[in-house]
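Colleague: I am new to this structure. Please show me how to read a few of its features.

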Amino acid sequence: MYQSPRRLCSALLQRDAPGLRRLPTPGLRRQSSPPAAAPRPASPRLLAAASGAVRSCSRTVYSMGNGTSRLYSALAKTLNSSTASQHSEYLVSSDPELLEPIDPKELLEECRAVLHTRPPRYQRDFVDLRTDSPSRHPPIRVMQWNILAQALGEGKDNFVQCPIEALKWEERKCLILEEILAYEPDILCLQEVDHYFDTFQPLLSRLGYQGTFFPKPWSPCLDVEHNNGPDGCALFFLQNRFKLVNSANIRLTAMTLKTNQVAIAQILECKESGREFCIAVTHLKARTGWERFRSAQGCDLLQNLQNITQGAKIPLIVCGDFNAEPTEEVYKHFASSSLNLNSAYKLLSADGQSEPPYTTWKIRTSGECRHTLDYIWYSKHALSVRSALDLLTEEQIGPNRLPSFNYPSDHLSLVCDFSFNEEPDGLL
Ligand SMILES: NC(=O)C1=CN([C@@H]2O[C@H](COP(=O)(O)OP(=O)(O)OC[C@H]3O[C@@H](n4cnc5c(N)ncnc54)[C@H](OP(=O)(O)O)[C@@H]3O)[C@@H](O)[C@H]2O)C=CC1
Ligand SMILES: [Mg+2]
């Protein structure tokens with residue numbers, strides 16, 4: 001019988017343990033020594049079913065080279081304005097076997113079997129950040145993660161110290177799934193997703209998530225031979241915790257021009273508390289020299305979010321790979337916006353005012369790239385951050401940096417537990 005991930009693992013999570021201290025991560029880590037029982041044969045049932053299930057569909061949509069992005073754009077529902085619209089699924093499977101719930105423990109076991117030759121997953125701890133007021137409702141766990149598009153990792157990114165075998169999709173996808181299953185986010189905000197239909201949508205939907213994908217109009221993945229389609233942003237939420245009220249796919253503009261960057265914004269209603277909030281995910285333009293462009297995209301996103309949240313009446317969480325250090329203009333726009341946002345990971349610093357030293361760390365032909373680019377912004381008057389997942393240390397990341405055999409992306413996942421403030425002061 002299927003149980004929701006939260007019910008299965010709540011005893012292990014200790015999210016509500018009192019005191020200000022580091023919390024142990026869930027007990028779902030792959031073991032460093034081989035398990036007593038022999039690992040499963042290398043024909044994972046759930047993983048194989050997932051990729052086989054949608055292959056026929058993804059072939060139809062994706063296997064036509066660069067022209068596919070045009071076809072895909074026609075399939076994707078695009079809103080250039082701030083108007084929110086009703087959500088609709090891009091792909092609805094009619095095969096009942098593919099809709100059967102998965103036991104997350106079983107999927108995790110399959111991932112571990114696939115990964116049994118690799119070193120163990122890095123250990124990261126949650127830092128308890130609670131200030132005072134206890135919450136009557138369970139926290140909302142949000143994960144922000146640029147998972148590294150498979151086509152970009154293999155074909156464009158030039159991670160010169162990362163062995164190509166570490167990027168093999170059949171194993172790397174298990175490392176990504178393992179990270180998601182270990183932290184059990186209620187909401188998952190992803191960038192560089194180029195395996196939505198054949199991997200994440202079918203698997204995560206069977207774990208109880210409802211997903212939305214919005215591809216980039218001209219994804220650079222489509223320039224890579226044997227690509228799996230365009231990359232884009234994906235947003236998943238647990239259906240037993242939230243009801244979708246409204247959803248908007250936004251193609252960002254810069255100085256009124258349409259750009260290649262996108263965002264998804266959704267209004268969700270919390271089933272336990274009845275409270276509504278807006279969750280958004282984005283991936284802004286990369287590379288140096290594009291700072292003003294990013295700034296304009298950020299302004300457009302803020303304007304869209306102003307409208308969607310009815311002028312900051314609805315609490316907001318914005319996750320993204322902003323491709324911008326905290327010194328950049330786009331960061332300052334978010335920090336000083338009338339939406340009253342704070343960046344959650346600043347709370348890990350001693351004074352609560354500094355961003356972490358890095359959220360991505362890789363070595364390209366140009367040298368070492370260590371930057372803080374990923375953020376989780378939240379309405380600072382309406383929401384509190386109860387805990388945040390600590391980042392990896394330099395030692396854990398290792399001399400060859402990311403991605404690696406232990407970690408599947410060049411960006412670290414950020415995970416926070418939020419709760420609504422009990423007595424909103426009307427300032428949001
Ligand atoms: N077919 C066509 O007509 C068109 C095609 N295009 C394609 O789109 C691409 C541009 O798309 P756009 O969305 O603006 O791309 P971005 O500049 O935003 O970058 C795309 C990806 O490249 C990664 N990246 C960042 N820095 C580097 C680097 N130094 N080396 C390698 N990869 C890096 C980024 O990862 P991260 O965020 O993790 O840093 C990001 O995911 C073009 O190169 C072209 O391939 C664009 C327009 C038209
Ligand atoms: Mg990238």
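Modeller: Start with the ligand. An oxygen atom of ligand 1 is 3.1 Å from a polar backbone atom of Trp-218. A polar contact is a pair of N or O atoms within 3.5 Å. The model is predicted, with local features needing pLDDT of at least 70 and side-chain atom pairs counting only at pLDDT 80 or more, while totals for chains, interfaces and linings use all residues. Residues are numbered from 1 along each chain as written, chains are lettered from A and ligands numbered from 1 in the order written, and side-chain values use heavy atoms, without hydrogens and water.

Colleague: Which distances separate polar side-chain atoms of Lys-216 and Glu-192 from an oxygen atom of ligand 1?

Modeller: For Lys-216 the distance is 2.7 Å, and for Glu-192 it is 2.8 Å.

Colleague: How much of ligand 1 does the protein bury?

Modeller: Accessible areas come from the Shrake-Rupley method with a 1.4 Å probe. Ligand 1 exposes 930 Å² when taken alone, and the protein buries 74% of that.

Colleague: Which strand joins S6 through 5 bridges?

Modeller: Two strands pair if DSSP finds at least two bridges between them. Strand S4 (residues 187–193) runs antiparallel to S6, and Val-193 has Gly-232 in S6 as its bridge partner. Strand S5 (residues 209–215) also pairs with S6 in the antiparallel sense, over 7 bridges, with Gly-211 opposite Phe-236.

Note on methods
Helix = DSSP H or I, 4+ residues; strand = E, 2+ residues; numbered from the N terminus. Polar contact = N/O pair within 3.5 Å; in protein donor to acceptor, adjacent residues only side chain to side chain.
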